[in-house]
Amino acid sequence: MMPALKAEFRKLLTVRSTYVISLIFLLFAGFLTFYVDAFKNAPTETLSALDHAKAQLFVAGNITQISNVLSVAGGLIALLLLAHEYRYNTIVYTLTASNRRSKVLAAKILAVMVYVFLYQVLACAIAIGLTFAGLHASGHHLPPQDINYLTFFAKVIFYGEAFAMTGLLFITLIRNQVGAIAALFILPNTVEGLLSLLLKQNSVYMPFMALAQVVQPPVIGGVSVAAHDASHSTGYLSAPRGALVFLAYIAGAWIVAWYLFLRRDAT
Amino acid sequence: MIKTDNLRKKFRQKLAVDNLSFDVHTGKVTGFLGPNGAGKSTTMRLMLGLDNGTGTTTYDGKPLRAYANPSKVVGILLEAKAFHPTRSARQHLAVLATAGNVPLSRVDEVLDIVGLREVAKDKPGKFSLGMSQRLGIAAAILGEPKYLILDEPANGLDPEGIAWLRQFLRDYASADRGVLVSSHLLSEMSQMADNVIVIGKGKLIANTSIKGLVARSSIAVFVRTDNLATLEKALKTAKLDYTKQDGGLLVADVKTDEIGKLANSAKLTVLELTAQTASLEKAFLELTEGSEEFRAQPDKEVQS
(Lines give C-alpha, C1' and ligand atoms only; values in the text may rest on other atoms or scores of the structure.)
Protein backbone atom coordinates (compact mmCIF):
# COMPACT_ATOMS: atom_id res chain seq x y z
CA MET A 1 0.00 0.00 0.00
CA MET A 2 2.80 2.43 0.87
CA PRO A 3 4.46 2.29 -2.57
CA ALA A 4 1.09 2.98 -4.19
CA LEU A 5 0.45 5.89 -1.83
CA LYS A 6 3.89 7.39 -2.41
CA ALA A 7 3.41 7.02 -6.16
CA GLU A 8 0.09 8.85 -6.00
CA PHE A 9 1.71 11.74 -4.16
CA ARG A 10 4.47 11.81 -6.72
CA LYS A 11 1.89 11.88 -9.52
CA LEU A 12 0.00 14.66 -7.83
CA LEU A 13 3.07 16.80 -7.32
CA THR A 14 4.75 16.25 -10.69
CA VAL A 15 2.04 17.52 -12.98
CA ARG A 16 1.63 21.14 -13.90
CA SER A 17 -2.16 21.10 -13.56
CA THR A 18 -1.97 20.60 -9.78
CA TYR A 19 -0.04 23.83 -9.36
CA VAL A 20 -1.91 25.81 -12.00
CA ILE A 21 -5.35 24.95 -10.62
CA SER A 22 -4.29 25.42 -7.00
CA LEU A 23 -2.79 28.82 -7.72
CA ILE A 24 -5.52 30.17 -9.97
CA PHE A 25 -8.25 29.28 -7.48
CA LEU A 26 -6.21 30.69 -4.58
CA LEU A 27 -5.73 33.97 -6.42
CA PHE A 28 -9.39 34.20 -7.32
CA ALA A 29 -10.57 33.37 -3.80
CA GLY A 30 -8.00 35.75 -2.34
CA PHE A 31 -9.27 38.55 -4.57
CA LEU A 32 -12.87 37.89 -3.55
CA THR A 33 -12.02 37.85 0.12
CA PHE A 34 -9.67 40.80 0.23
CA TYR A 35 -11.20 43.17 -2.25
CA VAL A 36 -14.84 42.29 -2.85
CA ASP A 37 -15.80 41.28 0.70
CA ALA A 38 -13.43 42.89 3.16
CA PHE A 39 -12.42 46.04 1.30
CA LYS A 40 -15.57 46.98 -0.62
CA ASN A 41 -18.48 45.32 1.15
CA ALA A 42 -17.54 45.17 4.81
CA PRO A 43 -20.45 45.75 7.24
CA THR A 44 -21.13 49.37 8.08
CA GLU A 45 -21.60 50.76 11.57
CA THR A 46 -25.41 51.05 11.44
CA LEU A 47 -26.85 47.58 11.46
CA SER A 48 -30.20 46.00 12.05
CA ALA A 49 -30.37 43.22 14.64
CA LEU A 50 -30.09 40.51 12.04
CA ASP A 51 -27.36 42.31 10.10
CA HIS A 52 -25.50 42.70 13.37
CA ALA A 53 -25.74 38.96 13.89
CA LYS A 54 -24.46 38.46 10.38
CA ALA A 55 -21.62 40.89 10.96
CA GLN A 56 -20.56 38.77 13.89
CA LEU A 57 -20.15 35.94 11.37
CA PHE A 58 -18.29 38.01 8.81
CA VAL A 59 -15.03 36.10 9.12
CA ALA A 60 -16.88 32.79 9.15
CA GLY A 61 -18.69 33.83 6.00
CA ASN A 62 -15.44 34.67 4.29
CA ILE A 63 -13.87 31.37 5.27
CA THR A 64 -16.94 29.61 3.91
CA GLN A 65 -16.71 31.51 0.67
CA ILE A 66 -13.03 30.85 0.11
CA SER A 67 -13.38 27.20 1.02
CA ASN A 68 -16.33 26.88 -1.34
CA VAL A 69 -14.23 28.26 -4.17
CA LEU A 70 -11.18 26.17 -3.30
CA SER A 71 -13.19 23.01 -2.87
CA VAL A 72 -13.89 23.17 -6.60
CA ALA A 73 -10.11 23.25 -7.13
CA GLY A 74 -9.75 20.25 -4.84
CA GLY A 75 -12.44 18.43 -6.79
CA LEU A 76 -10.71 19.19 -10.08
CA ILE A 77 -7.29 18.12 -8.83
CA ALA A 78 -8.73 14.88 -7.46
CA LEU A 79 -10.54 14.25 -10.71
CA LEU A 80 -7.45 14.90 -12.83
CA LEU A 81 -5.35 12.50 -10.76
CA LEU A 82 -7.31 9.63 -12.24
CA ALA A 83 -8.44 11.32 -15.46
CA HIS A 84 -4.82 11.68 -16.62
CA GLU A 85 -4.29 7.98 -16.06
CA TYR A 86 -7.13 7.11 -18.40
CA ARG A 87 -6.38 9.85 -20.87
CA TYR A 88 -2.70 9.00 -21.25
CA ASN A 89 -3.17 5.30 -20.57
CA THR A 90 -0.73 5.23 -17.66
CA ILE A 91 -3.46 3.32 -15.83
CA VAL A 92 -1.96 0.13 -17.31
CA TYR A 93 1.30 0.75 -15.42
CA THR A 94 -0.50 1.75 -12.24
CA LEU A 95 -2.65 -1.35 -12.18
CA THR A 96 0.10 -3.82 -13.07
CA ALA A 97 2.43 -2.37 -10.43
CA SER A 98 -0.08 -3.26 -7.74
CA ASN A 99 -1.49 -6.67 -6.90
CA ARG A 100 -4.89 -5.22 -5.94
CA ARG A 101 -6.93 -2.60 -7.73
CA SER A 102 -8.46 -1.63 -4.40
CA LYS A 103 -5.02 -0.57 -3.18
CA VAL A 104 -4.70 1.77 -6.14
CA LEU A 105 -8.05 3.39 -5.53
CA ALA A 106 -7.48 3.63 -1.77
CA ALA A 107 -4.07 5.22 -2.39
CA LYS A 108 -5.62 7.79 -4.70
CA ILE A 109 -8.32 8.63 -2.16
CA LEU A 110 -5.78 9.02 0.64
CA ALA A 111 -3.41 11.14 -1.44
CA VAL A 112 -6.25 13.42 -2.49
CA MET A 113 -7.57 13.70 1.07
CA VAL A 114 -4.18 14.73 2.43
CA TYR A 115 -3.64 17.27 -0.34
CA VAL A 116 -7.11 18.75 0.07
CA PHE A 117 -6.72 18.88 3.86
CA LEU A 118 -3.54 20.94 3.53
CA TYR A 119 -5.08 23.07 0.81
CA GLN A 120 -8.18 23.83 2.91
CA VAL A 121 -6.07 24.66 5.96
CA LEU A 122 -4.14 27.06 3.77
CA ALA A 123 -7.44 28.43 2.47
CA CYS A 124 -8.69 29.11 5.99
CA ALA A 125 -5.47 30.85 6.95
CA ILE A 126 -5.58 32.95 3.80
CA ALA A 127 -9.26 33.78 4.30
CA ILE A 128 -8.66 35.05 7.82
CA GLY A 129 -5.52 36.92 6.89
CA LEU A 130 -6.98 38.58 3.82
CA THR A 131 -10.24 39.46 5.58
CA PHE A 132 -8.44 41.42 8.25
CA ALA A 133 -6.02 42.88 5.71
CA GLY A 134 -8.95 44.08 3.60
CA LEU A 135 -10.75 45.52 6.63
CA HIS A 136 -7.60 47.25 7.74
CA ALA A 137 -7.05 48.71 4.29
CA SER A 138 -10.64 50.00 4.09
CA GLY A 139 -10.72 51.27 7.69
CA HIS A 140 -13.75 49.13 8.64
CA HIS A 141 -14.15 47.55 12.07
CA LEU A 142 -16.01 44.36 12.84
CA PRO A 143 -18.03 43.56 15.91
CA PRO A 144 -16.55 40.73 18.00
CA GLN A 145 -16.66 37.59 15.91
CA ASP A 146 -18.73 34.73 17.19
CA ILE A 147 -17.01 31.71 15.75
CA ASN A 148 -15.70 28.46 17.11
CA TYR A 149 -12.71 28.23 14.83
CA LEU A 150 -11.98 24.54 15.42
CA THR A 151 -15.54 23.44 14.67
CA PHE A 152 -15.71 25.72 11.71
CA PHE A 153 -12.38 24.52 10.28
CA ALA A 154 -13.60 20.96 10.64
CA LYS A 155 -16.72 21.83 8.63
CA VAL A 156 -14.72 23.63 5.98
CA ILE A 157 -12.32 20.72 5.63
CA PHE A 158 -15.25 18.31 5.45
CA TYR A 159 -16.70 20.41 2.65
CA GLY A 160 -13.41 20.40 0.74
CA GLU A 161 -12.90 16.68 1.19
CA ALA A 162 -16.48 16.06 0.11
CA PHE A 163 -15.93 17.89 -3.15
CA ALA A 164 -12.63 16.10 -3.74
CA MET A 165 -14.32 12.74 -3.23
CA THR A 166 -17.04 13.84 -5.60
CA GLY A 167 -14.48 14.71 -8.28
CA LEU A 168 -12.75 11.37 -7.84
CA LEU A 169 -16.09 9.61 -7.84
CA PHE A 170 -17.16 11.18 -11.14
CA ILE A 171 -13.97 10.23 -12.94
CA THR A 172 -14.08 6.70 -11.51
CA LEU A 173 -17.58 6.29 -12.85
CA ILE A 174 -17.26 8.20 -16.13
CA ARG A 175 -13.58 7.55 -17.00
CA ASN A 176 -13.59 10.50 -19.35
CA GLN A 177 -11.92 13.75 -18.38
CA VAL A 178 -14.28 16.12 -20.16
CA GLY A 179 -17.37 14.24 -19.05
CA ALA A 180 -16.29 14.10 -15.43
CA ILE A 181 -15.38 17.80 -15.30
CA ALA A 182 -18.71 18.68 -16.88
CA ALA A 183 -20.49 16.54 -14.29
CA LEU A 184 -18.57 18.21 -11.46
CA PHE A 185 -19.69 21.64 -12.59
CA ILE A 186 -23.19 20.86 -13.79
CA LEU A 187 -24.59 18.43 -11.24
CA PRO A 188 -24.12 20.42 -8.01
CA ASN A 189 -25.35 23.71 -9.38
CA THR A 190 -27.38 23.42 -12.55
CA VAL A 191 -29.02 20.05 -12.07
CA GLU A 192 -29.75 20.49 -8.37
CA GLY A 193 -30.82 24.06 -9.02
CA LEU A 194 -33.38 22.89 -11.56
CA LEU A 195 -34.55 20.04 -9.36
CA SER A 196 -35.02 22.40 -6.45
CA LEU A 197 -37.76 24.10 -8.46
CA LEU A 198 -39.66 20.85 -8.25
CA LEU A 199 -38.63 19.64 -4.81
CA LYS A 200 -38.99 23.01 -3.06
CA GLN A 201 -38.64 22.40 0.72
CA ASN A 202 -37.22 18.95 0.15
CA SER A 203 -34.44 20.29 -2.05
CA VAL A 204 -32.22 20.34 0.98
CA TYR A 205 -32.10 16.55 0.86
CA MET A 206 -30.29 16.61 -2.45
CA PRO A 207 -26.60 15.79 -1.98
CA PHE A 208 -24.94 19.09 -2.70
CA MET A 209 -27.61 21.22 -1.11
CA ALA A 210 -27.29 19.05 1.99
CA LEU A 211 -23.51 19.47 1.81
CA ALA A 212 -23.91 23.24 1.65
CA GLN A 213 -25.72 23.13 5.00
CA VAL A 214 -22.52 21.84 6.62
CA VAL A 215 -20.74 25.13 6.20
CA GLN A 216 -23.64 27.43 6.93
CA PRO A 217 -22.69 29.92 9.69
CA PRO A 218 -23.47 28.71 13.19
CA VAL A 219 -26.39 29.49 15.42
CA ILE A 220 -26.31 32.77 17.33
CA GLY A 221 -28.45 33.29 20.35
CA GLY A 222 -30.69 30.40 19.50
CA VAL A 223 -31.42 31.75 16.05
CA SER A 224 -29.73 30.19 13.08
CA VAL A 225 -28.85 32.83 10.57
CA ALA A 226 -28.75 30.13 7.96
CA ALA A 227 -32.22 28.98 8.93
CA HIS A 228 -33.46 32.52 8.82
CA ASP A 229 -31.79 33.16 5.52
CA ALA A 230 -32.49 29.82 4.01
CA SER A 231 -34.76 30.81 1.33
CA HIS A 232 -37.88 29.02 2.31
CA SER A 233 -37.86 27.41 -1.08
CA THR A 234 -34.93 25.09 -0.32
CA GLY A 235 -35.40 24.18 3.34
CA TYR A 236 -32.86 23.94 6.11
CA LEU A 237 -30.81 21.20 7.75
CA SER A 238 -28.41 21.35 10.66
CA ALA A 239 -24.73 20.80 9.80
CA PRO A 240 -24.58 17.21 11.14
CA ARG A 241 -27.76 16.28 9.34
CA GLY A 242 -26.51 17.87 6.15
CA ALA A 243 -23.26 15.93 6.47
CA LEU A 244 -25.12 12.68 7.05
CA VAL A 245 -27.37 13.17 4.05
CA PHE A 246 -24.39 13.91 1.83
CA LEU A 247 -22.41 10.98 3.23
CA ALA A 248 -25.30 8.64 2.51
CA TYR A 249 -25.29 9.69 -1.14
CA ILE A 250 -21.51 9.62 -1.58
CA ALA A 251 -21.11 6.30 0.22
CA GLY A 252 -23.74 4.69 -1.98
CA ALA A 253 -22.20 6.10 -5.13
CA TRP A 254 -18.71 5.01 -4.07
CA ILE A 255 -19.84 1.43 -3.51
CA VAL A 256 -20.94 1.36 -7.14
CA ALA A 257 -17.82 3.19 -8.35
CA TRP A 258 -15.48 0.92 -6.40
CA TYR A 259 -17.15 -2.19 -7.78
CA LEU A 260 -16.90 -0.85 -11.32
CA PHE A 261 -13.25 0.10 -10.83
CA LEU A 262 -12.49 -3.48 -9.85
CA ARG A 263 -14.52 -5.07 -12.61
CA ARG A 264 -14.18 -2.91 -15.68
CA ASP A 265 -11.49 -3.04 -18.33
CA ALA A 266 -8.65 -0.62 -17.65
CA THR A 267 -9.33 1.64 -20.61
CA MET B 1 7.14 -19.89 -17.30
CA ILE B 2 4.08 -17.83 -18.12
CA LYS B 3 1.15 -20.13 -18.67
CA THR B 4 -2.10 -18.90 -20.09
CA ASP B 5 -5.10 -21.14 -19.93
CA ASN B 6 -8.33 -20.66 -21.86
CA LEU B 7 -8.18 -16.90 -22.10
CA ARG B 8 -11.44 -15.59 -23.44
CA LYS B 9 -12.71 -12.08 -24.00
CA LYS B 10 -15.87 -10.89 -25.67
CA PHE B 11 -16.64 -7.31 -26.67
CA ARG B 12 -20.40 -7.22 -27.01
CA GLN B 13 -21.05 -9.60 -29.90
CA LYS B 14 -17.44 -9.97 -31.00
CA LEU B 15 -15.27 -12.68 -29.58
CA ALA B 16 -11.83 -11.07 -29.40
CA VAL B 17 -9.97 -13.91 -27.70
CA ASP B 18 -11.28 -17.42 -27.96
CA ASN B 19 -10.06 -19.97 -25.42
CA LEU B 20 -6.42 -19.17 -25.98
CA SER B 21 -3.81 -21.25 -24.17
CA PHE B 22 -0.06 -21.07 -24.59
CA ASP B 23 3.19 -20.92 -22.64
CA VAL B 24 6.00 -18.41 -22.63
CA HIS B 25 9.25 -20.05 -21.60
CA THR B 26 12.21 -18.54 -19.84
CA GLY B 27 15.47 -18.28 -21.73
CA LYS B 28 13.63 -17.57 -24.95
CA VAL B 29 12.13 -14.70 -26.86
CA THR B 30 8.60 -15.66 -27.85
CA GLY B 31 7.11 -13.81 -30.78
CA PHE B 32 3.40 -13.10 -30.83
CA LEU B 33 2.04 -12.84 -34.34
CA GLY B 34 -1.33 -12.28 -35.88
CA PRO B 35 -3.08 -10.03 -38.38
CA ASN B 36 -4.52 -6.70 -37.30
CA GLY B 37 -7.45 -7.24 -34.97
CA ALA B 38 -6.41 -10.83 -34.24
CA GLY B 39 -6.55 -10.17 -30.51
CA LYS B 40 -2.85 -9.83 -29.64
CA SER B 41 -3.15 -6.69 -27.54
CA THR B 42 -6.32 -7.93 -25.85
CA THR B 43 -4.56 -11.19 -25.01
CA MET B 44 -1.68 -9.30 -23.45
CA ARG B 45 -4.09 -7.19 -21.43
CA LEU B 46 -5.90 -10.32 -20.27
CA MET B 47 -2.58 -11.83 -19.22
CA LEU B 48 -1.98 -8.78 -17.04
CA GLY B 49 -5.47 -8.63 -15.59
CA LEU B 50 -6.14 -5.30 -17.24
CA ASP B 51 -9.18 -6.53 -19.11
CA ASN B 52 -12.01 -8.41 -17.57
CA GLY B 53 -12.28 -11.78 -19.28
CA THR B 54 -12.18 -15.44 -18.37
CA GLY B 55 -9.28 -17.86 -18.17
CA THR B 56 -6.14 -17.75 -16.11
CA THR B 57 -2.56 -16.62 -16.50
CA THR B 58 0.11 -17.77 -14.09
CA TYR B 59 3.67 -16.59 -13.71
CA ASP B 60 5.82 -19.42 -12.38
CA GLY B 61 2.67 -21.11 -11.17
CA LYS B 62 1.04 -18.16 -9.45
CA PRO B 63 -1.31 -15.46 -10.70
CA LEU B 64 0.18 -11.99 -10.82
CA ARG B 65 -1.95 -10.76 -7.92
CA ALA B 66 -0.36 -13.40 -5.68
CA TYR B 67 2.96 -11.59 -5.85
CA ALA B 68 3.66 -8.84 -3.33
CA ASN B 69 5.52 -6.83 -5.93
CA PRO B 70 4.31 -7.54 -9.48
CA SER B 71 6.86 -5.08 -10.93
CA LYS B 72 9.55 -7.64 -10.19
CA VAL B 73 7.61 -10.30 -12.04
CA VAL B 74 6.50 -8.65 -15.25
CA GLY B 75 7.41 -5.49 -17.11
CA ILE B 76 5.10 -4.18 -19.77
CA LEU B 77 5.03 -2.01 -22.84
CA LEU B 78 1.55 -1.96 -24.29
CA GLU B 79 1.53 1.48 -25.85
CA ALA B 80 4.45 3.71 -26.76
CA LYS B 81 2.80 6.96 -25.75
CA ALA B 82 1.56 5.85 -22.33
CA PHE B 83 2.89 8.77 -20.31
CA HIS B 84 1.76 12.15 -19.12
CA PRO B 85 3.07 14.56 -21.77
CA THR B 86 4.21 17.26 -19.36
CA ARG B 87 5.78 15.06 -16.70
CA SER B 88 9.49 14.71 -17.55
CA ALA B 89 10.85 11.37 -18.67
CA ARG B 90 12.75 10.99 -15.42
CA GLN B 91 9.70 11.91 -13.35
CA HIS B 92 7.56 9.49 -15.34
CA LEU B 93 9.96 6.68 -14.53
CA ALA B 94 10.28 7.88 -10.94
CA VAL B 95 6.51 7.56 -10.51
CA LEU B 96 6.62 4.01 -11.86
CA ALA B 97 9.65 3.16 -9.75
CA THR B 98 7.89 4.42 -6.63
CA ALA B 99 4.75 2.44 -7.43
CA GLY B 100 6.83 -0.68 -8.03
CA ASN B 101 8.96 -0.22 -4.92
CA VAL B 102 12.06 0.09 -7.11
CA PRO B 103 14.98 2.26 -5.92
CA LEU B 104 15.01 5.65 -7.65
CA SER B 105 18.66 5.10 -8.58
CA ARG B 106 17.38 2.55 -11.08
CA VAL B 107 15.69 5.34 -13.07
CA ASP B 108 18.97 6.76 -14.36
CA GLU B 109 20.26 3.26 -15.01
CA VAL B 110 17.40 2.42 -17.35
CA LEU B 111 17.61 5.83 -19.00
CA ASP B 112 21.23 4.97 -19.79
CA ILE B 113 20.29 1.55 -21.08
CA VAL B 114 17.74 2.92 -23.55
CA GLY B 115 19.86 5.93 -24.46
CA LEU B 116 17.56 8.65 -23.15
CA ARG B 117 19.78 10.09 -20.42
CA GLU B 118 20.29 13.35 -22.30
CA VAL B 119 16.57 14.01 -22.56
CA ALA B 120 15.69 12.81 -19.07
CA LYS B 121 14.46 16.23 -18.03
CA ASP B 122 12.49 16.83 -21.22
CA LYS B 123 8.76 16.47 -21.44
CA PRO B 124 7.97 13.30 -23.41
CA GLY B 125 4.98 14.89 -25.10
CA LYS B 126 7.39 16.09 -27.78
CA PHE B 127 9.25 12.79 -28.13
CA SER B 128 9.28 11.02 -31.47
CA LEU B 129 7.63 7.60 -31.67
CA GLY B 130 11.06 5.96 -31.47
CA MET B 131 12.02 7.91 -28.35
CA SER B 132 8.63 7.11 -26.82
CA GLN B 133 9.24 3.43 -27.47
CA ARG B 134 12.59 3.67 -25.75
CA LEU B 135 10.93 5.33 -22.76
CA GLY B 136 8.36 2.54 -22.76
CA ILE B 137 11.10 -0.07 -22.80
CA ALA B 138 12.82 1.75 -19.94
CA ALA B 139 9.56 1.56 -17.99
CA ALA B 140 9.23 -2.13 -18.75
CA ILE B 141 12.69 -3.06 -17.47
CA LEU B 142 12.61 -0.69 -14.49
CA GLY B 143 11.94 -3.41 -11.91
CA GLU B 144 14.29 -5.89 -13.62
CA PRO B 145 11.31 -8.21 -14.00
CA LYS B 146 11.58 -11.87 -14.84
CA TYR B 147 9.18 -11.48 -17.73
CA LEU B 148 8.64 -8.82 -20.34
CA ILE B 149 5.40 -8.40 -22.27
CA LEU B 150 5.94 -5.98 -25.11
CA ASP B 151 3.39 -4.95 -27.71
CA GLU B 152 5.03 -3.82 -30.94
CA PRO B 153 8.15 -2.40 -29.27
CA ALA B 154 9.98 -1.98 -32.56
CA ASN B 155 7.39 0.38 -34.05
CA GLY B 156 8.99 3.71 -34.82
CA LEU B 157 12.52 2.64 -33.98
CA ASP B 158 15.24 3.46 -36.47
CA PRO B 159 17.38 0.61 -37.87
CA GLU B 160 19.98 1.12 -35.17
CA GLY B 161 17.24 1.07 -32.56
CA ILE B 162 15.76 -2.11 -33.97
CA ALA B 163 19.16 -3.81 -33.98
CA TRP B 164 19.70 -2.65 -30.40
CA LEU B 165 16.27 -3.92 -29.33
CA ARG B 166 16.85 -7.28 -30.98
CA GLN B 167 20.13 -7.79 -29.16
CA PHE B 168 18.77 -6.40 -25.92
CA LEU B 169 15.81 -8.76 -25.85
CA ARG B 170 17.96 -11.74 -26.72
CA ASP B 171 20.39 -10.85 -23.95
CA TYR B 172 17.52 -10.27 -21.55
CA ALA B 173 16.00 -13.65 -22.27
CA SER B 174 19.35 -15.40 -22.09
CA ALA B 175 19.56 -14.57 -18.38
CA ASP B 176 16.82 -17.13 -17.68
CA ARG B 177 14.08 -14.60 -18.24
CA GLY B 178 11.14 -14.72 -20.59
CA VAL B 179 10.10 -12.24 -23.24
CA LEU B 180 6.79 -12.15 -25.10
CA VAL B 181 6.91 -9.67 -27.93
CA SER B 182 4.36 -8.92 -30.58
CA SER B 183 5.38 -7.41 -33.86
CA HIS B 184 4.23 -6.88 -37.39
CA LEU B 185 7.82 -6.76 -38.59
CA LEU B 186 8.12 -10.39 -39.60
CA SER B 187 11.70 -10.09 -40.77
CA GLU B 188 12.56 -8.71 -37.36
CA MET B 189 10.68 -11.46 -35.64
CA SER B 190 12.54 -14.09 -37.60
CA GLN B 191 15.81 -12.69 -36.25
CA MET B 192 14.61 -11.94 -32.75
CA ALA B 193 12.32 -14.73 -31.64
CA ASP B 194 13.04 -18.33 -30.79
CA ASN B 195 9.41 -19.39 -30.62
CA VAL B 196 6.31 -17.90 -32.16
CA ILE B 197 2.69 -17.95 -31.20
CA VAL B 198 0.39 -17.17 -34.10
CA ILE B 199 -3.22 -16.22 -33.53
CA GLY B 200 -6.04 -15.27 -35.84
CA LYS B 201 -9.52 -14.09 -34.87
CA GLY B 202 -8.58 -14.73 -31.26
CA LYS B 203 -7.72 -18.38 -31.79
CA LEU B 204 -4.39 -20.12 -31.57
CA ILE B 205 -3.12 -21.04 -35.01
CA ALA B 206 0.42 -22.12 -34.21
CA ASN B 207 2.74 -22.34 -31.26
CA THR B 208 6.10 -23.44 -32.47
CA SER B 209 9.69 -22.45 -33.17
CA ILE B 210 10.47 -20.09 -36.03
CA LYS B 211 12.08 -22.96 -37.93
CA GLY B 212 9.10 -25.16 -37.23
CA LEU B 213 6.72 -22.50 -38.46
CA VAL B 214 8.61 -22.02 -41.69
CA ALA B 215 8.94 -25.76 -42.17
CA ARG B 216 5.18 -26.15 -41.77
CA SER B 217 4.63 -23.80 -44.62
CA SER B 218 4.21 -25.28 -48.07
CA ILE B 219 7.54 -25.68 -49.81
CA ALA B 220 8.42 -25.94 -53.45
CA VAL B 221 11.25 -27.34 -55.55
CA PHE B 222 12.60 -25.72 -58.68
CA VAL B 223 13.86 -28.28 -61.20
CA ARG B 224 15.43 -27.95 -64.63
CA THR B 225 16.23 -30.97 -66.79
CA ASP B 226 17.40 -31.72 -70.32
CA ASN B 227 13.86 -32.68 -71.29
CA LEU B 228 11.12 -30.63 -69.75
CA ALA B 229 8.24 -32.38 -71.54
CA THR B 230 9.21 -35.77 -70.12
CA LEU B 231 9.50 -34.29 -66.67
CA GLU B 232 6.06 -32.72 -66.98
CA LYS B 233 4.62 -36.10 -67.95
CA ALA B 234 6.29 -37.72 -64.94
CA LEU B 235 4.96 -35.03 -62.59
CA LYS B 236 1.42 -35.46 -63.94
CA THR B 237 1.67 -39.20 -63.43
CA ALA B 238 2.83 -38.58 -59.83
CA LYS B 239 -0.08 -36.10 -59.44
CA LEU B 240 2.20 -33.24 -58.42
CA ASP B 241 1.26 -29.61 -59.04
CA TYR B 242 3.77 -27.51 -60.92
CA THR B 243 4.17 -24.27 -62.80
CA LYS B 244 6.62 -23.31 -65.53
CA GLN B 245 9.22 -20.86 -64.43
CA ASP B 246 12.58 -19.63 -65.76
CA GLY B 247 13.08 -22.52 -68.15
CA GLY B 248 12.24 -25.09 -65.50
CA LEU B 249 9.37 -26.22 -63.34
CA LEU B 250 8.37 -25.14 -59.86
CA VAL B 251 6.82 -28.13 -58.10
CA ALA B 252 4.67 -27.46 -55.07
CA ASP B 253 4.57 -29.33 -51.76
CA VAL B 254 7.44 -31.66 -52.46
CA LYS B 255 10.97 -32.28 -51.32
CA THR B 256 14.09 -32.32 -53.48
CA ASP B 257 14.61 -36.04 -52.79
CA GLU B 258 11.30 -36.97 -54.40
CA ILE B 259 11.97 -34.88 -57.51
CA GLY B 260 15.47 -36.29 -57.79
CA LYS B 261 14.14 -39.86 -57.66
CA LEU B 262 11.37 -39.01 -60.12
CA ALA B 263 13.84 -37.53 -62.62
CA ASN B 264 16.12 -40.51 -62.25
CA SER B 265 13.31 -42.96 -62.85
CA ALA B 266 12.39 -40.97 -65.99
CA LYS B 267 16.06 -41.17 -67.06
CA LEU B 268 16.42 -37.41 -67.17
CA THR B 269 19.56 -35.41 -66.61
CA VAL B 270 18.96 -32.92 -63.80
CA LEU B 271 20.55 -29.57 -64.57
CA GLU B 272 19.26 -27.74 -61.53
CA LEU B 273 17.41 -28.80 -58.38
CA THR B 274 16.71 -26.21 -55.70
CA ALA B 275 14.49 -26.23 -52.63
CA GLN B 276 12.49 -23.01 -52.38
CA THR B 277 12.32 -22.46 -48.64
CA ALA B 278 9.45 -20.37 -47.37
CA SER B 279 10.07 -17.12 -45.55
CA LEU B 280 8.46 -16.38 -42.22
CA GLU B 281 6.26 -13.94 -44.05
CA LYS B 282 5.05 -16.57 -46.44
CA ALA B 283 4.50 -18.99 -43.61
CA PHE B 284 2.62 -16.33 -41.65
CA LEU B 285 0.43 -15.38 -44.58
CA GLU B 286 -0.44 -19.00 -45.29
CA LEU B 287 -1.23 -19.70 -41.67
CA THR B 288 -3.40 -16.67 -41.15
CA GLU B 289 -5.19 -16.77 -44.47
CA GLY B 290 -8.88 -16.28 -43.86
CA SER B 291 -8.41 -15.05 -40.31
CA GLU B 292 -7.72 -11.42 -41.16
CA GLU B 293 -10.09 -8.97 -39.55
CA PHE B 294 -9.32 -6.28 -42.09
CA ARG B 295 -8.31 -6.97 -45.63
CA ALA B 296 -7.50 -4.60 -48.47
CA GLN B 297 -8.94 -5.32 -51.88
CA PRO B 298 -6.08 -4.71 -54.29
CA ASP B 299 -8.16 -5.39 -57.39
CA LYS B 300 -10.46 -2.47 -56.73
CA GLU B 301 -9.48 0.76 -58.38
CA VAL B 302 -9.04 3.83 -56.26
CA GLN B 303 -12.07 6.02 -56.78
CA SER B 304 -11.15 9.59 -57.63
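Which is the crossing of α7(A) and α11(A), left-handed or right-handed?

Reply: This is a predicted model, in which local features need pLDDT of at least 70 and side-chain atom pairs count only at pLDDT 80 or more, while totals for chains, interfaces and linings use all residues. Residues are numbered from 1 along each chain as its sequence is written, with chains lettered from A and ligands numbered from 1 in the order in which they are written.

The crossing of α7(A) and α11(A) is left-handed (the near helix is turned anticlockwise from the far one by less than a right angle). Helix α7 spans residues 149-174 of chain A and helix α11 residues 239-263 of chain A, and their axes come within 10 Å, crossing at roughly 25° (axes are lines fitted to C-alpha atoms over the stretch in contact, with angles from 0 to 180 degrees between N-to-C directions; helices are DSSP runs of H or I, at least four residues, numbered from the N terminus). The two helices are therefore roughly parallel to each other (an angle under 35 degrees).

On the α7(A) side, the contact is made by K155(A), F158(A), A162(A), M165(A), T166(A), L169(A), T172(A) and L173(A), which meet A239(A), A243(A), F246(A), I250(A), A253(A), W254(A), A257(A), L260(A) and F261(A) in α11(A) (C-beta atoms, placed from the backbone, within 7 Å). The residues of this contact divide into 14 nonpolar, 2 polar and 1 charged (Ala, Val, Leu, Ile, Met, Phe, Trp, Tyr, Cys and Pro count as nonpolar, Asp, Glu, Lys and Arg as charged, the others, Gly among them, as polar).

Elsewhere, in chain B, helix α9 (residues 256-265) is followed by K267(B), whose phi is positive, near 55°.

Terms used: Parallel < 35°, antiparallel > 145°, perpendicular 65-115°, else oblique. Contact = placed C-beta atoms within 7 Å.
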